[in-house]
Amino acid sequence: MNAILVASNRGPFSFTTSEDGSLSMRRGGGGLVSGLSEVARDLKVLWVCAALSDGDRAAVRQAPGGRLDQAGYDTGALRMLDIPPATFHRAYNAVANSTLWFVNHLLYDTPNTPHFDARFRREWESYQSYNAAFALALAEEAGHGARVMVQDYHLTLTPAMLRVERPDLRIAHFSHTPWAPPEYFALLPDDVAAEVLEGILGADHAGFLTARWAGAFMDCCERLLGAGVDRVSRTVSHAGRTTRIGVHGLGVDGEALWARASEPDVESNMAALRDQVGDRKLIVRIDRTELSKNIVRGLSAYREFLGAHPEWHGRVVHLAFAYPSRHDLPEYREYTAAVQRCAKEIEDEYATEDWDPLILNVNDDYPRSLAAYRLADVLLVNPIRDGMNLVAKEGPVLSPDSALVLSREAGAAAELGEHALVVNPYDVTATAAALHRGLVMPEEERVRRGARLAAAATALPPHRWFAEQLTALQ
């Protein structure tokens with residue numbers, strides 16, 4: 001039986017099926033996976049996740065009890081759950097990504113959405129079933145008194161469900177997203193809002209990336225549940241239990257990041273980018289085409305900057321990585337199209353025979369992203385709202401003399417804001433001005449700010465971030 005367990009929607013590995021029916025394994029994607037994979041291996045953690053693809057399901061069905069490590073795969077201790085595809089789709093797309101993500105990132109177009117009808121109730125039942133499957137698997141795998149680390153908005157109900165099954169366990173839940181203020185969280189149906197809050201309060205310890213998000217969660221518990229909240233000790237008391245609230249600002253492992261960014265594939269990408277860009281200044285952004293990332297306003301700010309500063313024509317290039325995300329949702333397909341339209345408008349207006357003002361990269365290419373970090377003169381991170389945003393932390397580590405233009409609505413602003421150029425993400429003109437300020441910033445100021453940004457970015461690397469929460473469960 002296992003002493004430490006992690007539960008998350010996405011796991012550290014994924015599988016694909018080749019034409020001959022054989023399975024191939026590769027490292028899973030996403031910031032959570034990147035942050036936790038090495039920690040999980042070092043501490044011999046059992047990781048419980050969902051099978052996301054047909055390849056994953058094929059691998060699980062060949063493994064005893066879904067344990068990939070017991071089927072001969074070099075995954076570390078890993079159990080995948082073969083949740084029925086229809087249940088998974090409704091839980092993941094309709095509830096987690098189209099409801100809870102939208103609420104906590106304040107993304108709803110409220111005159112039209114949300115629309116909680118009978119269909120949503122069926123989707124919510126799938127979300128409950130999905131969380132129950134995780135709770136059951138964790139209950140089966142955990143040793144007596146084990147510590148269980150439940151991750152993110154996909155699994156808000158799991159702590160309370162697991163508490164019923166295994167009251168001996170020490171349970172933590174961590175939210176990697178922002179948390180909505182009570183008046184916005186109350187857009188959810190009353191019973192659903194209560195179930196989400198009470199689900200997380202089933203944990204002994206509820207963690208958040210910033211004090212702001214932790215405070216918003218406590219406000220919701222107080223206003224919507226009538227819970228007792230002590231903001232000094234950061235505790236919430238409800239239904240006879242007390243949950244401690246923790247703030248753990250996940251950072252990056254600077255040494256590991258630099259080691260990866262120094263490998264030959266990154267060096268070759270740097271050479272290719274230098275050939276493409278020449279000696280021009282480089283403004284970089286690296287994002288998924290996620291609604292909250294605010295890519296269109298960022299591109300509009302660059303366009304306004306070019307309009308206001310003709311002296312930079314031919315002397316600067318904006319390298320924008322906009323990797324496709326959640327294309328099974330129509331809002332995301334349209335947003336990706338909007339990004340591409342805006343990029344084309346910039347090209348049509350400003351490009352010349354010997355100058356491409358914008359390079360839009362829509363193919364997920366991690367080595368190329370690391371190369372771009374290293375070459376950046378200005379890094380643009382302007383989300384509408386973000387739990388943390390590790391791009392804002394990785395960039396200063398790999399390019400310590402670059403300027404960071406950072407949205408005040410990113411969780412990272414709590415740690416980095418003093419040394420970044422902080423902007424209102426809705427203010428395109430102010431963002432354009434910040435891009436210009438970043439480009440003309442004196443070298444001495446760049447280096448001074450960059451050193452402080454890098455120090456803050458690496459203050460709580462994944463090993464320490466995880467250890468803090470384990471300690472909180474003792």
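Select helix α4 (residues 118-141) together with helix α5 (residues 158-165): in this predicted model, the two pack at an angle of about 45°, with their axes 9 Å apart. They are therefore oblique to each other, and α4 passes α5 in a right-handed crossing. To see the contact itself, show the side chains of Q128, N131, A132, F134, A135, L138 and A139 on α4, and of T158, M161, L162 and E165 on α5. By class, this contact has seven nonpolar, three polar and one charged residues.

Next, select the open sheet of six strands, whose order is β14-β13-β12-β15-β16-β17, with parallel pairing. At its edges stand β14 (358-361) and β17 (421-423); each has a single partner strand, so one side of each is left without a neighbour in the sheet. From one strand to the next, the twist averages 15°.

Which residue of β17 is the bridge partner of V405? It is L421.

Helix α16 (residues 428-440) packs on it, touching β12, β13 (316-323), β15, β16 and β17. The direction of α16 makes about 170° with that of β17. Finally, select helix α14 (residues 391-398), which lies across β12 (281-288), β15 (378-381) and β16. Relative to β15, α14 runs at about 170°.

Conventions. Residues are numbered from 1 along each chain as its sequence is written. This is a predicted model: local features need pLDDT of at least 70, side-chain atom pairs count only at pLDDT 80 or more; totals for chains, interfaces and linings use all residues. Side-chain values use heavy atoms; hydrogens and water are left out. Two strands pair if DSSP finds at least two bridges between them. Helices (H or I, at least four residues) and strands (E, at least two) are DSSP runs, numbered from the N terminus. Axes are lines fitted to C-alpha atoms, for helices over the stretch in contact, and angles run from 0 to 180 degrees between N-to-C directions. Contact means heavy atoms within 4.5 Å. Angles under 35 degrees count as roughly parallel, over 145 as roughly antiparallel, 65 to 115 as roughly perpendicular and the rest as oblique. A crossing is left-handed if the near helix is turned anticlockwise from the far one by less than a right angle, and right-handed if clockwise. Ala, Val, Leu, Ile, Met, Phe, Trp, Tyr, Cys and Pro count as nonpolar, Asp, Glu, Lys and Arg as charged, and the others, Gly among them, as polar.
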